[in-house]
Amino acid sequence: MTLFTFAAQLCPLCQQDNACAMEQGLAIDACWCAKQTVDMPSIIAQFNATSSGVDLPNNQCVCQSCMAKLVQQSDIDAVETY
């Protein structure tokens, strides 16, 4: 098992299923993360800069529930999607 496969299957924060579309053999644009109105890499970078104990790689999958919590804790605004 590769690190990417493990990362796509489980959220590193809550250890629950990520519901990653790519893990299910679908295209990235079918994933919940592709439909977000926030800059998720920036949210993860801010989390890494302000948290202790967990350091997420920039390409780490995080579940939708945990991402929502990270967004609430961040000071990064939503962006327009077209």
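Select S74. Leaving out residues up to four places away in sequence, S74 touches I43 and Q46; contact here means heavy atoms within 4.5 Å. S74 sits in the segment after α3. Helices are DSSP runs of H or I with at least four residues, and they are numbered from the N terminus. S74 is buried, with a relative accessible area of 16%. Buried means under 20% relative accessible area, exposed means over 50%, and partly exposed is in between (1.4 Å probe, protein chains only).

Now show V71 with S74. A polar atom of the S74 side chain lies 2.9 Å from the backbone oxygen of V71.

A word on the model: it is predicted, so local features need pLDDT of at least 70 and side-chain atom pairs count only at pLDDT 80 or more, while totals for chains, interfaces and linings use all residues. Residues are numbered from 1 along each chain as its sequence is written, and side-chain values use heavy atoms, with hydrogens and water left out.

Next stop: the core. Which residues touch the most other members of the largest nonpolar core? Select V62 and M67; they do, in a core of 15 residues. A nonpolar core is a set of buried Ala, Val, Leu, Ile, Met, Phe, Trp, Tyr and Cys residues joined through side-chain atoms within 4.5 Å. Colour α2 (40–50) and α3 (64–73), the elements that give two or more residues to this core. The largest share, four residues, comes from α2.

Stay on V62. Set aside its neighbours within four places in sequence, and its contacts include W32, I44, M67 and L70. P12 is also one of the contacts of V62.

Move to P12. Look in the loop between α1 (3–9) and α2. Is P12 buried or partly exposed? P12 is partly exposed, at 26% relative accessible area. Not counting residues up to four places away in sequence, P12 touches L56, Q60, C61 and V62.

Last, the cysteines. How many disulfides are there? The count is zero, where a disulfide is a pair of cysteine sulfur atoms within 2.5 Å. Select C61 and C20. C61 is in no disulfide; its nearest cysteine sulfur, that of C20, is 4.2 Å away. C61 counts as buried, at 18% relative accessibility. Then select C63 and C14. The closest cysteine sulfur to that of C63 is in C14, 3.7 Å away, which is too far for a bond. C63 is buried too, at 6% relative accessibility.

Key:
Polar contact = N/O pair within 3.5 Å; in protein donor to acceptor, adjacent residues only side chain to side chain.
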